[in-house]
Amino acid sequence: MKQPKSALFRGVCTALATPFRDGGIDWDALAELIELQIAGGVAAICICGTTGEAATLSDGERLQLVARAGEMIGGRCDYVVGVGSPSTARSVSYARFAAANGADALLVVTPYYNKGTHDGITRHFHTVADSTDLPVILYNVPSRTGVDLTVAHLTEIAAHPNIRGLKEAGDSLAKLPDFMAALGGKMQLYAGNDAAILPTLALGGSGVVSVLSNLLPAEVTDICQLFFDGKTAEARRLSLALLPLTHLLFRETNPAPLKCALELLGLARGEIRLPLSEVSPALREELREALGL
């Protein structure tokens, strides 16, 4: 049963790639990818995130993608929409449009490029959270934004009642115990890197916003469900078995390796927008081998 909008998902949310064909969005491939996710049992689908190349979408494409993806999902799993922007006003506009088009939650990345002050970043998140009644998931990804939220800053931001979760995609797991100690009862924690699923769950996290699940939704869902069911050894074995492919998907800048893998599997073209580019021939062959093709 679909969760009420006041609740966040538990388990796997796929950070869905945006398939392109001849420079535009490939709507047929998008529908196929969404059906693959739903058949694989994911708890949620996120569009317009980093993996969805949201930063390269025009405003028109972005709004059309939010509306059409929501129709394709049709309430069969939770629908999370990335509304990140270096402009607070633009993020608010995206958030309101997402709310009007069936979103169940918003993913809001730390504002990039502008190098916001401590107070400015706090106000950015609070302003977006004020714009709708949807729950907000903060997205901390310092390798992309140049900003790394501290536990103290997160505690301040989380004072807003609509801010309900954190997707943590930093390179270090060291602050996760402090985060859970400070905010575990207030906010839900999601792994932002597939290699960090089990450590995040072990600390009381609620799941993962996953790149790998674009390819293997059932398997990544199984990792989380096995852990939730107390079958930690089985969850660990499956997670470790998928680790080589996980590492390949991040060997070059995401989502280029993922799009290559989708093309190799015949699910979508490998087309990607500049300034990203197609993966190296060597990585393409490694992906082919890892996928058993």
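**Pockets and buried residues**

A: At least two residues of the lining of the largest pocket come from each of β6 (105-109) and α5 (142-145), where helices (H or I, at least four residues) and strands (E, at least two) are DSSP runs numbered from the N terminus. This is a predicted model, in which local features need pLDDT of at least 70 and side-chain atom pairs count only at pLDDT 80 or more, while totals for chains, interfaces and linings use all residues. Residues are numbered from 1 along each chain as its sequence is written, and side-chain values use heavy atoms, with hydrogens and water left out.

A pocket here is an open set of points on a 1 Å grid over the protein atoms alone, where a 1.4 Å probe fits and protein lies on both sides within 12 Å along at least five of seven lines; lining residues have an atom within 4 Å of a point. The largest pocket has a volume of about 460 Å³, a volume being the space filled by probe spheres set on points joined across faces, edges and corners. Its lining consists of 22 residues, and T50, A54, A55, Y112 and R144 lie nearest the centre. Sorted by class, that lining has twelve nonpolar, seven polar and three charged residues.

The second largest pocket has a volume of about 260 Å³. Of the 18 residues in its lining, V141, S143, R144, N193 and F250 are the closest to the centre, and by class this lining has seven nonpolar, seven polar and four charged residues.

Turning to individual residues, L57 sits in the loop between β4 (44-47) and α2 (59-73) and counts as buried because its relative accessibility is 9%, buried meaning under 20% relative accessible area with a 1.4 Å probe and protein chains only. Leaving out residues up to four places away in sequence, L57 touches T18, F20, I25, C48, G52, R62, L65 and R273, contact meaning heavy atoms within 4.5 Å.

C48, one of those partners, is itself buried, at a relative accessible area of 3%. The structure holds zero disulfides, that is, pairs of cysteine sulfur atoms within 2.5 Å. For C48, the nearest cysteine sulfur is that of C46, 7.9 Å away. C46 is also among the contacts of T14, alongside Q37, V42, A44, I45, S210, S213 and N214, when neighbours within four places in sequence are set aside. T14 belongs to strand β1 (residues 11-15) and counts as buried because its relative accessibility is 0%.

Conventions. Buried < 20%, exposed > 50% of the residue type's maximum accessible area, 1.4 Å probe, protein only. Nonpolar A, V, L, I, M, F, W, Y, C, P; charged D, E, K, R; others polar.
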